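Subject: Structure handover

Hello,

Please find the structure below. My notes on what was found in it follow.

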Amino acid sequence: MSDSYDLVVIGAGSGGVRAARIAATYGAKVAIIEEYRVGGTCVIRGCVPKKLFVYASRYKDLFEIAPSFGWDVGTPSFDWATLVANKDKEIARLEAAYIAGLEKPGAEIIRDRATVTGPNTVKLQKSGRELTARTILIATGARPFIPDIPGKELGISSNEAFHLEALPHSILIEGGGFISVEFATIFAGLGVHTTIVYRGDRLLRGFDEDLRVGLEAGLVARGVKIIHQTNVLGLRRTGADITVSFSDGVDAPFGAVMFATGRSPNTAGLGLEAAGVELAWDGAVVVDAYSRSSIASIYAVGDVTNRAQLTPVAIREGHAFADTVFGDKPTAVDHSLIGEAVFAEPEVGTVGLAEHDAATQGDIDVYVTRFRPMINTLSLKSDRMMIKLITRPDGGQVLGVHILGPGAAEIIQMAAIPLGMQATKADFDRAMAMHPTAAEELVTFKKPSYVYRNGQKQ
Ligand SMILES: Cc1cc2nc3c(=O)[nH]c(=O)nc-3n(C[C@H](O)[C@H](O)[C@H](O)COP(=O)(O)OP(=O)(O)OC[C@H]3O[C@@H](n4cnc5c(N)ncnc54)[C@H](O)[C@@H]3O)c2cc1C
């Protein structure tokens, strides 16, 4: 076996797998190196198992409203071990599909840890082999950032949350981002007493305020306790529990503690600095619009570049890289309009400008509606859905769509298409409503709820 390749990819996650597969399809001789499992974070311990767990947790809400539709479901019980085993089976199936997808066009999968030793050389840790490559692609993703506090080793990250032997009686989740609120949804839905502690004053920083307020209200209604403007200072073992010391002077015991305090680009110990690759303050590989690093033969895609830590972005960057370098089609990825979903309860879907950003960029009209989703109307469940449209004045361009409630992520995927086409409110209104749906609200708004003129809300 020759150790010389057109392309060596480090990391078989969302970005690396796509890049390797497409480059191999163009006829390149490709090796892809993976130290853990093929599929990367999203497939093995991110999006996919997370969403399966979210589905599991939502049965709690369905069981609650089932009697209002005439169903008697008795006393439902839940078995964590069954969920984990079935999830593992599905992840193994997906991993096999990823492996087949790489092998079919001829990419060689190497199970090892790689370090970069020069602009065109990569060393394999276990086998000691040194590979040479015309091009190297860094697609090593990100890893959980764990605060450096006493007792931090007693806590878990999302990595371990997927393989807990048993559900704890209670959990403290530190962090205010999407991973924190999604796991709070999961644990609370599965019957775990769940608390979020966050140093800021509201969860989901940067999202539209109405989404943030509505999400917190929904989580609290589901029994999640939220502690704001507080940090965890230390953890210590007390019997079967972990006692947490908070920055407000309170000590409290929890069955488990999870850090959801961000994810750092995975470049530590990778040899990039020695090879001359420029890294940002947070360790991210600095790249240009074509994902090329400061060394001409080394590229990087996905979370390791910290442009947007999302799977579809990593995939798009990996594909664009392969088109650029091996397909003779220079392709830059447009990062300007990235929709986001948060699979919490209530679910969040958002694309385009948040109200606070849009209002600083000229006059806008804001259309908002809040209503009880139809699925709850026969029960006492009082959750409300929120749909918000932000437009330029008088039926002008739609700048942002923000949805909180059932199906938000699915709806927002479709709303992202007209936003990318710079559709106007009049374009939205031309679409015939689908009735009865929640999404029909997007095309039936008559008058703005309020407007901003010269930066002032009116
Ligand atoms: C809990 C959780 C939930 C998420 N949910 C969503 C979601 O719902 N939607 C969404 O879009 N995104 C979600 N994400 C983010 C998403 O998983 C990432 O954005 C995506 O996986 C990034 O792809 P990547 O190719 O950059 O890196 P990864 O998928 O992380 O792949 C990197 C791979 O490189 C390997 N590797 C690292 N260093 C080396 C080395 N030196 N040698 C060999 N191999 C190495 C790693 O083992 C890993 O397999 C979630 C993430 C987490 C943690």
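Two residues are counted as in contact if their C-beta atoms, placed from the backbone, lie within 7 Å. This is a predicted model, in which local features need pLDDT of at least 70, side-chain atom pairs count only at pLDDT 80 or more, and totals for chains, interfaces and linings use all residues. Residues are numbered from 1 along each chain as its sequence is written.

Domains

The chain is assigned domain 1 (4-144 + 264-326), domain 2 (152-261) and domain 3 (346-457); such bounds come from an automatic or database domain assignment. Between domain 2 and domain 3, the C-alpha centres are 30 Å apart. Nine residues of domain 2 are in contact with twelve residues of domain 3. On the domain 2 side of this contact there are four nonpolar, two polar and three charged residues. Here Ala, Val, Leu, Ile, Met, Phe, Trp, Tyr, Cys and Pro count as nonpolar, Asp, Glu, Lys and Arg as charged, and the others, Gly among them, as polar.

Ligand

The ligand is surrounded by 34 residues, and the closest are Gly11, Gly13, Gly40, Gly141 and Gly302. The shell has 14 nonpolar, 15 polar and five charged residues. Among the elements that each supply at least two shell residues are helix 1 (14-25), strand 2 (30-34) and helix 8 (311-326). Helices (H or I, at least four residues) and strands (E, at least two) are DSSP runs, numbered from the N terminus.

Strands

Strand 19 (residues 364-371) has antiparallel pairings with strand 22 (residues 450-453), over three bridges, and with strand 20 (residues 385-391), over seven bridges. Two strands pair if DSSP finds at least two bridges between them. Val366 has Tyr450 in strand 22 as its bridge partner, and Val368 has Lys388 in strand 20.

Backbone

Which peptide bond has omega near 5°? The bond from Glu345 to Pro346 does, and it is cis. Pro346 is in the loop between strand 17 (340-342) and strand 18 (348-352). Another cis peptide bond joins His435 and Pro436, with omega about -5°. Pro436 is in the loop between helix 11 (425-430) and strand 22. Asn306, a residue other than glycine, has a positive phi near 55°; Asn306 is in the loop between strand 16 (298-300) and helix 8.

Regards

Key
Near = placed C-beta within 6 Å.
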